[in-house]
Amino acid sequence: MKLLKERILKDGKCFPGGILKVDNFINHQMDPVLMQQMAEELVRRFASHNINKIITIEASGIAPAILVGALLNVPVLFAKKKQPSTMQNMLVTEVYSFTKGTTYTVCVSSDYLGKGDRVLFIDDFLANGHAAKGIIDLVDQAGATLEGMGFLIEKGFQEGGEELRSRGLHIESLAIIDSLDDCQIKLR
Ligand code: 5GP
């Protein structure tokens, strides 16, 4: 998506270890106009699917997910990183965090994810695919159907995209980074 790629080149910042910071417009301060345009593009790319629910992981996936959900007029479910003592019928999985270097658990209630659901996962970044695989596990546990996964930014030099596509899943990324070597952003 041209607008997003231009913005990454203008405002994205590279950090050692292959981290791209987009705190100016996605991850801290948010550009709601660009966010809306990205949501519209994701909706276009998944137009052939019959989606009845959006799923994401808190916190950074929520903004794009809620805009996609609003456009499709479907509920948006976010997996929680802390297990609330009051949650009933909890489904739990583990996710390794690339940026923090630790494993955390995420959970959803099966009150909101079940057999009849055809879900689209939305997140800000696809890197090694750990968050995505956690969601696949939760969707499987719930007996729901995963229609696809849409990301704002994919780091094409990490393995997540290739692995998820090789499973036959419909994966869309609005911008793919080919390299962050020498702190230079190279887009596909
Ligand atoms: P994965 O689970 O695919 O390995 O990593 C994706 C998750 O890690 C995303 O939800 C995102 O929050 C975070 N992440 C991974 N790489 C980056 C990065 O380069 N920049 C930022 N801002 N977040 C990242």
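**Entry: the α1/α2 pair**

I started with two helices: α1 and α2 pack at an angle of about 140°, their axes 10 Å apart. For axes I used lines fitted to C-alpha atoms, for helices over the stretch in contact, with angles running from 0 to 180 degrees between N-to-C directions. That makes α1 and α2 oblique to each other; angles under 35 degrees count as roughly parallel, over 145 as roughly antiparallel, 65 to 115 as roughly perpendicular and the rest as oblique.

A note on what I'm looking at: this is a predicted model, where local features need pLDDT of at least 70, side-chain atom pairs count only at pLDDT 80 or more, and totals for chains, interfaces and linings use all residues. Residues are numbered from 1 along each chain as its sequence is written, and side-chain values use heavy atoms, with hydrogens and water left out. Helices (H or I, at least four residues) and strands (E, at least two) are DSSP runs, numbered from the N terminus.

Which residues of α1 and α2 meet? I found Leu3, Leu4 and Arg7 on the α1 side, and Leu34, Gln37 and Met38 on the α2 side. Here contact means heavy atoms within 4.5 Å. I sorted the residues of this α1 and α2 contact into four nonpolar, one polar and one charged. The sorting goes like this: Ala, Val, Leu, Ile, Met, Phe, Trp, Tyr, Cys and Pro are nonpolar, Asp, Glu, Lys and Arg are charged, and the others, Gly among them, are polar.

I went back to Arg7, which sits in helix α1 (residues 2-11). Is Arg7 buried or exposed? Arg7 counts as buried, because its relative accessibility is 17%; buried means under 20% relative accessible area, exposed over 50%, and partly exposed in between, with a 1.4 Å probe and protein chains only. The Arg7 side chain makes a polar contact with the side chain of Asp11 at 2.7 Å. A polar contact is a pair of N or O atoms within 3.5 Å; within protein, one must be able to donate a hydrogen and the other to accept it, and residues adjacent in sequence count only if both atoms are side-chain atoms. Leaving aside neighbours within four places in sequence, Arg7 contacts Gly12, Asn24, Phe25, Asp31 and Leu34.

Asp31 was my next stop, in the loop between β2 (19-21) and α2. Its side chain reaches the backbone nitrogen of Val33 at 3.0 Å, and the Asp31 side chain also reaches the backbone nitrogen of Leu34, at 3.0 Å. Not counting residues up to four places away in sequence, Asp31 touches Arg7 and Phe25.

**Entry: α2 against α3**

I then followed helix α2 (residues 32-45) over to helix α3 (residues 62-72): their axes come within 9 Å and cross at roughly 55°. So α2 and α3 are oblique to each other. The contact takes in Met35, Gln36, Ala39, Glu40, Leu42 and Val43 of α2 and Ala63, Pro64, Leu67, Val68, Leu71 and Leu72 of α3. I get ten nonpolar, one polar and one charged among the residues of this α2 and α3 contact.

Within α3, I noted Ala63, Pro64, Ala65, Val68 and Gly69 as buried. The cover over the buried residues of α3 includes α2, β3, β4, β7 (118-126) and β8 (145-155).

**Entry: Lys53**

Where is Lys53? I found Lys53 in strand β3 (residues 53-57). Lys53 is buried, because its relative accessible area is 12%. Its side chain makes a polar contact with the side chain of Asp117 at 3.4 Å. I also checked Leu120: Lys53 and Leu120 are 67 residues apart in sequence, with 6.5 Å from C-alpha to C-alpha. Apart from neighbours within four places in sequence, the residues in contact with Lys53 are Val74, Pro75, Tyr112, Leu113, Asp117, Arg118, Val119 and Leu120.

Most residues other than glycine have a negative phi, and most peptide bonds are trans. I noted a cis peptide bond joining Glu58 and Ala59, with omega about 0°. Ala59 is in the loop between β3 and α3.

Just after α3, Asn73 takes a positive phi of about 55°. Asn73 lies in the loop between α3 and β4 (76-79) and is exposed, with a relative accessible area of 70%.

Asp182 also went in the notebook: its phi is near 55°, a positive value in a residue other than glycine. I placed Asp182 in the loop between β9 (171-179) and β10 (186-187), and Asp182 is exposed at a relative accessible area of 75%.
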